[in-house]
Amino acid sequence: NYAREIMQLFTIGLTQLDPESDTPTYNNENIMDFARIFTGLDTQPRRANIEHDNFATNVIDPMVMKASWHDIYPKRSLTGGYIGDGYPLCSDLPEASFLQEGAAYEFVGYQVAEEARVLELSDASPLYAALCGAASVGGACAHQLRRQLVATLQCHEEECHARWVHLVKVGTGYYTYTPPPCVHLFFANGKVVSRSEWGFGEQTSCQNPEVAHARVACCNDGCTDNPSWYMRDLQASCLNASTVYPSLYSRKCRKDAMFTEQLFCQLSCWGAGLGYPGDNCSAGEFRSVLECDADAFRTETYADAEARCARHGMKVCHRKTELPCSQNWDVWTPTDCQPNIEFDFDGKVMWPYVSWRPVNKFSVAWDGGHPTAENCTHPCNMTGSSCTCPIEVLMRRVFSEVPSSAQALARLSVGALPPRTPCRVCTGDVKVYSASDALDSDTVFEVGGAFLRNVESVVKAGAHVFRNPPAFARDHEGATKRTATEEVEALLEHLIRHPNTPRFFAFRLIQRLTTSSPSKAYLAEVAEAFRTGWALDGHKFSGEYGDIGAAVATALLSPEARGRAAEDRVEAAGALREPLLRFVHFLRSMEYDSKDGREVTVRRRDDIIQWPYRSASVFNFYTPFYRPRSLPEGVLAPEFQIFTPPATIQLLNGIMDTIEHGEFSACGTRWGFTRSSCTGGAYHFKLNESTIGPDPLLRLDLLLTGGRLNVSAPLVQEAYAQAAETEKLQAAQQAILLTPEFNTMGSPLPHGERTVAPPPAEHEPTSYRAMVLIFMNGGADTFNMIVPLGCPLWEEYQQARAGVALLESELLSFGSNGQECTTFGLHKALPFVRQLYDGGEAAFVSNIGSLAEPTSPVEHRLGNVTRCKNLFSHSDQVTAASTLQCQISGDNNGGVGGRMSDVLSARNLRTTSFSLDGVETWPKGLDTEITIVDDGGVP
């Protein structure tokens with residue numbers, strides 16, 4: 001839900017804005033992918049000292065990331081690529097990057113988890129000196145929250161063998177090293193991992209060598225000399241076989257299939273000139289090393305395994321060893337292999353490819369078609385509704401000549417760190433960094449300040465090819481709070497950099513500050529300021545993308561902001577002001593303050609609809625595209641959605657009461673708290689002719705309307721003149737509260753007197769019928785509201801819902817005829833609904849949703865039928881549920897109840913449409929007006 005809202009409400013909106021079209025900006029696949037990015041976030045422990053006991057969670061502090069909860073799989077972007085495109089590969093980070101100039105460290109305290117991998121620095125280490133910051137050699141460290149290396153340092157002792165570093169101990173404190181954000185390529189050519197005890201059959205699997213899947217056993221190039229089990233029973237060894245077991249040389253070496261497979265007495269057979277095929281035992285007897293210390297019990301990548309063995313002058317063993325601490329371990333071997341990957345017939349990867357783990361599906365970018373039931377052929381195999389293929393990963397150069405900037409941005413997705421190779425082409429839109437004049441896969445291009453490697457990684461799956469996706473962590477063992485948070489940051493950056501975002505932000509900003517219906521030119525000016533960091537008047541702010549200050553300045557300095565309506569918005573300058581802003585504006589302008597020095601407190605007022613933290617949903621009190629039917633097409637007035645007669649009267653009465661009584665207590669005011677006296681506060685603004693000039697109303701005009709009193713000025717002057725001398729100020733204030741200039745922004749555009757509608761014809765009262773709709777906003781988990789029982793759908797439900805499936809004991813069963821299942825279960829929180837159902841007073845209509853016309857999934861996906869507008873917008877679908885016209889945006893065609901009322905009225909039947917919750921869509925018709933009733937039942 002948040003993944004959808006962050007796009008719809010806070011960054012890119014629903015449809016393309018630049019250029020403007022009806023093309024959706026995102027689909028359900030994007031929502032699901034981005035939702036997976038937000039997995040892992042959890043609330044912090046509750047602040048017991050200040051939060052109310054009824055709070056179940058901490059609603060004050062920022063959420064924290066739990067890496068073990070975070071989804072690690074690749075996610076597609078809005079532009080057809082992946083989240084993580086443009087980031088450098090972690091394998092491209094220089095070894096010992098923790099010693100490089102610019103390396104960043106953060107102090108984490110004096111204790112870390114016992115299982116944490118820590119590199120303890122010697123006090124003779126240059127890195128120790130840089131992080132310790134002691135005033136003198138051997139002195140106590142002066143730890144700082146953050147430190148950054150100002151120069152590249154020499155390694156010292158164990159630092160020289162460390163390929164990757166996370167935590168370092170400096171004196172008594174610990175620092176975490178924060179490498180530059182980087183990504184891994186999710187798929188790789190495999191290496192064989194061996195498992196099981198020596199002598200009891202070897203089990204192997206194909207694993208990604210860049211993931212810490214296995215441990216390491218190091219061997220030399222020698223040959224083993226292990227006797228068979230039968231020889232051991234005879235007390236025979238390979239060395240005494242000539243006397244104890246002479247058939248070794250006459251019948252076993254090279255001649256016996258089992259001996260050849262298991263390489264029994266390999267060294268002795270080779271020495272006797274009877275070596276097994278391919279043997280070379282010139283290095284002598286086989287030796288192996290497997291360190292049985294704490295580090296050896298950790299899984300490593302294959303590169304780490306090679307480095308560990310190299311320190312012993314050995315190589316990674318080709319098979320399991322029989323060292324005592326290696327029993328039942330997975331260990332790397334140098335044997336190459338091809339992993340098998342399963343794909344569903346929609347082209348999604350089904351991962352992991354093991355039967356005992358839940359399957360995760362994710363999309364990949366296919367170059368051409370993907371495996372289907374029709375083309376899943378050798379070397380792929382079809383199993384049910386999926387296709388399993390061996391894969392091969394290829395890294396290849398993209399450009400042999402310098403590309404244009406557009407070509408580079410379109411084809412290159414692997415980022416790079418600032419290069420250390422020479423700049424070969426240093427002018428133009430594309431700069432080239434390469435070790436030679438020829439372009440190879442290590443060449444780096446600089447385009448618009450971004451560095452991109454001249455390489456692409458593709459995955460061949462049989463006859464099919466897809467781009468190898470990036471991932472911030474390739475497995476759960478490698479996932480950390482940092483990698484998970486970096487993926488969240490990458491998504492936010494992706495959304496902020498989307499072409500829609502500047503225009504979307506500009507539209508929302510202008511609506512809040514100046515006018516509800518800005519012109520296209522006005523929108524373009526503010527969007528450009530956001531994009532460039534330069535304001536309209538040529539003033540440079542940051543000069544960088546995403547500058548809110550430049551956008552605000554441009555929005556306020558535009559001629560359109562100062563009341564000059566644009567040519568395409570002659571009738572649309574300004575906006576209706578929100579009720580809460582009018583209320584606070586009056587208090588501040590008239591200098592209201594409490595008399596006892598306490599904070600000004602006001603009782604919550606839901607009857608004016610708008611109040612702090614009281615929005616019914618994340619969609620605010622009103623929608624930005626609301627248009628009263630009386631306004632021309634294309635002219636918006638969002639605030640009119642909460643401009644109801646009851647709320648407006650309550651607001652004006654509340655403010656006028658404070659003018660009359662001068663404070664917020666229960667003594668005569670509607671909004672105050674009960675106090676022992678009626679001296680809670682007062683307005684300190686005074687009309688003083690000696691300081692404000694001969695016209696005392698000019699000051700009020702400036703403070704309350706911005707000097708915009710126009711046609712209303714004579715009315716205010718008349719109220720001021722007719723009031724008693726001690727009540728003139730209050731009379732003028734109350735008169736201004738009723739003017740259009742106070743209640744709106746922009747230049748007043750008077751249309752003359754409103755025509756009076758004729759009274760409705762009287763009818764003799766007769767019997768009546770009423771339709772009542774209780775519209776429950778929000779979301780419901782309907783799959784756990786009504787559950788099929790005792791039929792195949794019950795097993796399907798349990799499998800699909802997995803850990804959130806309800807038990808049969810948690811459901812209230814009821815029967816139903818004519819359904820695939822005869823028994824269903826209702827959620828146990830709804831016993832009253834079952835009672836209504838059993839009494840024939842309630843029915844369930846399930847499996848419904850917005851649909852413009854009958855269709856099928858294939859036809860809908862291909863766009864061959866009329867589709868609903870903004871199908872992945874919660875607010876739009878709420879409107880569609882009220883209009884039953886999802887193919888039409890907005891509600892200006894009326895709601896279902898209102899249109900029914902229109903038809904009845906056309907048949908000379910008297911109808912009335914009520915709303916108990918402000919301006920709602922369902923009761924509104926084309927001719928039928930809503931009568932809005934307040935909480936007290938007063939229309």
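Select Cys219 to start: across from it, in β14, stands Ser288. This is a predicted model, where local features need pLDDT of at least 70, side-chain atom pairs count only at pLDDT 80 or more, and totals for chains, interfaces and linings use all residues. Residues are numbered from 1 along each chain as its sequence is written, and side-chain values use heavy atoms, with hydrogens and water left out.

Now show strand β13 (residues 218–219), which runs antiparallel to β14 and is joined to it by 2 bridges. Strands here are DSSP E runs of at least two residues, helices H or I runs of at least four, both numbered from the N terminus; pairing takes at least two DSSP bridges.

Next, go to Phe586. Along with Leu700 and Leu737, Phe586 has the most contacts inside the largest nonpolar core, a set of 28 residues. Such a core joins buried Ala, Val, Leu, Ile, Met, Phe, Trp, Tyr and Cys residues through side-chain atoms within 4.5 Å; buried means under 20% relative accessible area, exposed over 50%, partly exposed in between (1.4 Å probe, protein chains only). Colour α15 (579–589), α16, α18 (697–705), α19 (713–722) and α20 (728–737): each supplies at least two core residues. Leaving out residues up to four places away in sequence, Phe586 touches Ile655, Ile659, Tyr683, Leu704, Gln733, Leu737 and Phe742 (heavy atoms within 4.5 Å).

Last stop: Val618, in the loop between β30 (592–594) and α16 (645–661). Val618 counts as partly exposed because its relative accessibility is 38%.
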